Amino acid sequence: MKFMIHLTDEDYIQFNIFYSNHSKAGKRAVNLARIAFPVLSLAVLTVFFSAGAEFGKIAVNAILLTAVSFLWFFYVPKIIEKSIRKNINKMKADGKLPFHEHAQIEFQDDKIVEKNDQEEVRVKYTDIEQICPTNEYLYIFYSAVQAFIIPYHCLGADKEALLAYVTQKKKTK
């Protein structure tokens, strides 16, 4: 099976967001960012209490910091997504995007071959670490941080057949 893959900046952004939400390192970074503000708030309240501040002031600060910490906890993924978008747009402005907009990907009997105007990547099915289907993409990871990004719109009616084929090849090799 051969497919022409056309990636956009948004496709690459979505891949990075997926990676940050599903990889071990990404999950750790998100969780650390989520707890950073609540921990800092607790430290501030401890300092106020140790300094002998009035109970009323400590209580007001505790309520405010708890509310802000609660909002922070749920807003962190949006902050990270915005940061990913900003970094990728900066890379694009510098002309250093780490993906190729146009490529041909071929699923052969023993390997996957992706060709673009600058290089050719060959990956054996035994080297596939993870297959991750989403609503709009198929990510085939062949290392911890590298994957084939395959938008479903490039596959047409072959979406389910390709997913079954790659899954089967990974199992049998």
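Q: What counts as a charge sitting over a ring?
A: NZ of Lys or CZ of Arg must be within 6 Å of the ring centre and within 35 degrees of the ring normal. This model is predicted.

Q: Ok, which residue lies over the face of Phe-73?
A: Arg-34 does. The distance to the ring centre is 4.5 Å.

Q: And what lies over Tyr-152?
A: Lys-159 lies over that face, at 4.4 Å from the ring centre.

Q: Switching to ring pairs. How many aromatic pairs are there in the whole structure?
A: The search finds 13. One of them joins Phe-70 and Phe-74.

Q: Why is the Phe-70 and Phe-74 pair edge-to-face?
A: Their planes are at 65°, so the pair is edge-to-face; the cut-off is over 60 degrees. The ring centres are 5.0 Å apart.

Q: Where do Phe-70 and Phe-74 lie?
A: Both are in helix α3, residues 55-93. They are four residues apart, about one turn of the helix.

Q: Buried or exposed, that Phe-70?
A: Phe-70 counts as exposed, at 53% relative accessibility. Phe-74 has 49%, so it counts as partly exposed.

Q: What about Tyr-125 and Tyr-165?
A: Their planes are at 80°, so that pair is edge-to-face, with centres 6.3 Å apart. The pair links distant parts of the chain, 40 residues apart. Tyr-125 is in the loop between β4 and β5, and Tyr-165 is in helix α4.

Q: Is Tyr-125 buried or exposed?
A: Tyr-125 is buried, at 1% relative accessible area. Tyr-165 is partly exposed, at 23%.

Q: Which residues do ring pairs link into a cluster?
A: Tyr-12, Phe-15, Phe-18, Tyr-19, Phe-99, Tyr-137, Tyr-139 and Phe-141.

Conventions. Residues are numbered from 1 along each chain as its sequence is written. This is a predicted model: local features need pLDDT of at least 70, side-chain atom pairs count only at pLDDT 80 or more; totals for chains, interfaces and linings use all residues. Side-chain values use heavy atoms; hydrogens and water are left out. Rings of Phe, Tyr and Trp (its six-membered ring) pair if their centres lie within 6.5 Å; planes under 30 degrees apart count as stacked, over 60 as edge-to-face and the rest as tilted. Helices (H or I, at least four residues) and strands (E, at least two) are DSSP runs, numbered from the N terminus. Buried means under 20% relative accessible area, exposed over 50%, partly exposed in between (1.4 Å probe, protein chains only).
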